[in-house]
Amino acid sequence: MSNGRGQGEAVLDSGGLEILGREECLALLGAVPIGRIVFTDRALPAVQPVNFVLSGGDIVIRTGAGSKLAAASRGAVVAFEADAFDPVTRTGWSVVVTGPARVVSQAGELRRLRDLALPVWAPGERGDYLAITPELVSGRRIPAPAAPVA
């Protein structure tokens, strides 16, 4: 839905949020260290916060061998969400990615991923890598409030 403004200006959804394009969504994802992966655990949706990086077009997460996340995500379609909000300016954005997840097992790709700056904040061993290939990418931004007219 267009907001009726000139060419090149923001496109808003029916709730007044700015609709973000794929490239901008991926750039925003690269600006934050924490996101949430949504996967199926015992036939129910599960959400887990994770550290991540973007690499080669994929979202890369470190996980433990035999973890619920690694087991549930092997070959499954998952969702991934990250966001940032500023309560002072009342602005922010949210990006959601949906796509297949895979446990990385190819030796060359594993070597490359081990060289990434991908810290783990949670305790425990996290030697496995999970890669999500973004197929569906969508995002919204809360625009800055309009300045009051004097």
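1. Confidence. pLDDT is the predictor's own confidence in each residue, on a scale from 0 to 100. This is a predicted model, in which local features need pLDDT of at least 70 and side-chain atom pairs count only at pLDDT 80 or more, while totals for chains, interfaces and linings use all residues. Residues are numbered from 1 along each chain as its sequence is written, and side-chain values use heavy atoms, with hydrogens and water left out. The protein chain has a mean pLDDT of 86, with 90% of its residues at 70 or more. Residues 1-5 fall below 50; beyond near neighbours in sequence, this stretch has 8 contacts in the model (contact means heavy atoms within 4.5 Å). Where pLDDT is low, the predicted coordinates should not be read in detail.

2. Overall layout. The protein chain has 3 helices and 9 strands, where helices (H or I, at least four residues) and strands (E, at least two) are DSSP runs numbered from the N terminus. Their order from the N terminus is β-α-β-β-β-β-α-β-β-α-β-β. Along the principal axes, the C-alpha atoms fill a box of roughly 60 × 30 × 25 Å. Of contacts between residues at least 6 apart in sequence, 65% join residues at least 24 apart.

3. Burial. Of the 150 residues in the protein chain, 35% count as buried. Buried means under 20% relative accessible area, exposed over 50%, and partly exposed in between (1.4 Å probe, protein chains only).

4. Helix 1. Which residues of helix 1 (residues 22-29) are buried? They are Cys25, Leu26, Leu28 and Leu29. These residues lie on the same side of helix 1 because they cover an arc of only 160° around the axis, the arc being that of the directions from the helix axis to the C-beta atoms. The face turned away from the buried side carries the exposed residues Glu23 and Ala27. Cover for the buried residues includes strand 1 (18-20), strand 6 (77-86) and strand 9 (136-142).

5. A nonpolar core is a set of buried Ala, Val, Leu, Ile, Met, Phe, Trp, Tyr and Cys residues joined through side-chain atoms within 4.5 Å. The largest one has 26 residues, and Leu29, Ile37, Ile61 and Phe80 have the most contacts inside it. Elements giving two or more residues to this core include helix 1, strand 2 (34-41), strand 3 (44-51) and helix 2 (68-73). Strand 7 supplies the largest share, 5 residues. Apart from this core lies another, of 8 residues, among them Val104, Leu110, Leu113 and Tyr129. Leaving aside neighbours within four places in sequence, the contacts of Ile61 include Ile37, Phe80, Leu118, Tyr129 and Ile132.

6. Glu81. This residue lies in strand 6 and is buried, with a relative accessible area of 15%. Its side chain makes a polar contact of 2.5 Å with that of Arg36 and one of 2.9 Å with that of Ser94. A polar contact is a pair of N or O atoms within 3.5 Å; within protein, one must be able to donate a hydrogen and the other to accept it, and residues adjacent in sequence count only if both atoms are side-chain atoms. Not counting residues up to four places away in sequence, Glu81 also touches Gly35, Val95 and Val96.

7. Glu18. Glu18 lies in strand 1 and counts as buried at 17% relative accessibility. Not counting residues up to four places away in sequence, Glu18 touches Ala10, Val11, Leu12, Gly139, Arg140, Arg141 and Pro143.
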